[in-house]
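Work through the exercises below with the model open. Each task is followed by its solution.

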Amino acid sequence: MMASRTRIGLIAGGLFFLGVGLTLYKAFILGFPLLPGEYREVWTIESKINFKPTKGPVQVDLKLPGSLAGWVILEEHFASSGFGFTVVENSDTREARWTRQQLVDSTTLYYKLQAYRPTDSELDDLTPPTIEKPRLEKDQSAAMERLIGLLSEQSSDTASFVSLLATEFNKDSDAQDHDAQFLLGTFDEPEKVVLLAVLAHAGIPAQEIRGIRLEDGRRRQTLSSLIEFHDGDRWLIIDPARASMGMPDNFFVWQRGNGALLGVIGGGDSSLEFALVSNRLPAKTVTSMEQMAHAYALLDFSIYALPVEQQGAFKGLMLIPVAALVVVIMRLLVGLKTSGTFMPILIALAFLQTTLLTGLSLFIILVGAGLWIRSWLSHMNLLLVSRISAVIIVVIFMMATTAIISYKFGLDRALTVTFFPTIILAWTIERMSILWEEDGWKEVLKQGGGSLLVAILAYMVMTNSLVEHLTFNFPELTLSLLAVILLLGKYTGYRLSELYRFSDLDKPT
Amino acid sequence: MIKLISPRKLRELGILGMNRRNVGFIGKYNPRKNYRLVDDKLQTKETALRHNIRVPELYGVIEYQHEIAAATRKLDKHEGFVIKPVQGSGGKGILVIIGRDGELFRKSSGTLIDAAEVRRHLSNILAGLYSLGGRNDKAMIEALIRFDPYLEKYSFEGVPDVRVIAFKGVPVMAMVRCATHESDGKANLHQGAVGVGIDIASGKAVRAVQHGHLVTNHPDTDACFAELQIPHWSQILDLASRCVAMTGLGYLGVDIVLDKLRGPMLLELNARPGLAIQVANMAGLRHRLAVAEKIAAQTDNHEEKIALARQHFGVEH
């Protein structure tokens, strides 16, 4: 016994110190933050280029975003199966170039990047470009003159002039100035082009800013444009769609200046669309991730190395060992009875999706109603497998009913009922029902209550932001957790429940 | 306020806790490969017969659903019988039929059930409802035990069985579980059955406990436990300690019934015997297990082990 104890002790000690050691190394030498601290929004932007190839070789050029207006790009990823791919670096711009000799079907190319904006800094100062006056027809030129004259009278400076102009273009056609209406009509181009032409005619240096309006979870988002103009002193930005001054919130700046973003040679019907996801990550982690993206490839145990979707999955997975520890402690040290060893973890995972109170009430409703229906089934003398299958179907119907009824009553939260594992619920109902028949309802309450208590504790641990931060950023701590679980497996002391169970032995006989 | 006992006091009393039982005894002395022998009651029966240990007579085994109808017809020639899952645990799924009333069967509680109910019970057993891990199981039908009339007054609507804990061939602690009306004829202590601690030396009752409290008389039959003396005590100890050698399990719970005609018989074995026996005896197992370890180291002789156990574990009256 000693030998096996020592061996376990050595293994557990080794694992424990390995986990803690790696964590401390990452925290103090590599500078990973031990505490979650402030959170920051990191955007994942997936760009999709769709096009239909025509005959001959295909070349697709995409101007890549630079770090503008305080945006920092953390990671870039290109998908280009079957294409030749290069990134062409010019003096101040970068271009992704996909090439292929021949192509038959319409194709989608992907470019994914992760970016965040640590500071809301302004765009860099730039010498105003020389103004190219637009070529105009006589009547167009006259209309423009009149419009410029009218708005100059109403405005105090360049900024208010541009603002008035944008407002004018945004008005409904019946309230619009006749000249503005005429210009928009004859140009037959988007408003921003007309706006730029008027500004050029008025002698105000201006250019486009291309970028993406960021909305979490948005798919098929397209490019948007802002206009920046120079008032003789500095650059100002106006959002032509809203006629509001300044950089809008959540605008990712892709390119500054005119010129197309996407060029497709040997293809047509091209489009550029974006899918957007935002993640909240601890600020300090973002910084270190950025710094160490390349520096410590070997030592970087971080899950941040994975693609975003898998990161999310692992975020959940790394929490399960912690929940397992809760179960081990509650069963071995406290001596709580649960129905099914790890059933509480599965319930706790469902709670993560439903939130605690909703989840609890849903669980109690489902199991309660399930037990009631199951008591009918027990009179039908069915074979075990078909009885449990019947319970599964009943559970699914109950889930649907709960979802529909609660939706009709406007309780959207209850729709999360689908996150409960159906099979586990069915087995729980079956076991509880047998327990009821054999040992009475007291035992059912005891084991059901025990399971729920453990599930609630596991849920509270798993939703703790410190636990979340540590398991995700220091997965090696799981080794230390494993060590603790191994040691608990050799614990031979009394359980808390035994102090109650044997309490009567205290009496003198 | 919930009353708790201090861990130090428990240690002084030598109470064996669940964790220590699992790690220190079951995990250590009971090799997993030998579990089959005790978990499968058919194998237990066969092995016991090979070792000349008496067991209740086997009427038949049902393995498949389609055999049920024929088997129940064959039951007609037996007045009383017991149906058990072969791999049942904790006394679950045991149906005791003590007699007939026309077409109906009389359960030990006196309730009458029809043949369909019996068939349903059999099919539940086959589906694994009462078995470890819910595996498919077999059902066995064996002879009803006509238990010793002397013990009859100590049990209400159920068979009183003797549980002996044997460690390395040394009987360590014993109790009789007496069913009560409250326990619904089941010999389950936490359901209200009375546990009677038995002196290893003499086979006499030491004390009786129901729900953790001392009782002097059976709550239903009013029999006085102080007068209880288990008959054939030497045979029982002999049987219990022989089971250790038979199974190769060092730490074993042996359940024994006393038949009116055939004497002590092995009912079933348990590789993970419960801890309630300590409550019935108001004594801890740990000190006794330490002594038993010494006895086992001292001698290999079967008779000597029992003699030493009786000498060491005897309780003064």
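**Exercise 1.** How do helix α2 and helix α4 of chain A cross, and within what distance do their axes come?

*Solution.* The model is predicted: local features need pLDDT of at least 70, side-chain atom pairs count only at pLDDT 80 or more, and totals for chains, interfaces and linings use all residues. Residues are numbered from 1 along each chain as its sequence is written, while chains are lettered from A and ligands numbered from 1 in the order in which they are written.

Step 1. Locate the helices (DSSP runs of H or I, at least four residues, numbered from the N terminus). In chain A, α2 spans residues 138–154 and α4 spans residues 178–187.

Step 2. Take the axes (lines fitted to C-alpha atoms over the stretch in contact; angles run from 0 to 180 degrees between N-to-C directions). They come within 9 Å and cross at roughly 140°.

Step 3. List contacts (C-beta atoms, placed from the backbone, within 7 Å). Among the residues of α2(A) are M144(A) and L147(A); α4(A) brings F182(A) and L183(A), among others.

**Exercise 2.** In what order do the 4 strands of the open sheet in chain A stand?

*Solution.* Step 1. Strands are DSSP runs of E, at least two residues, and two pair if DSSP finds at least two bridges between them. The order is β4-β5-β2-β12, with antiparallel pairing.

Step 2. Check the edges. β4 (84–89) and β12 (262–265) of chain A each have a single partner strand, so one side of each lacks a neighbour in the sheet. The twist averages 15° from one strand to the next.

Step 3. Inspect one pair. β2 (residues 58–64) of chain A is joined to β12(A) by 4 bridges. Here Q59(A) stands opposite I265(A).

Definitions and conventions: Two residues are in contact if their C-beta atoms, placed from the backbone, lie within 7 Å.
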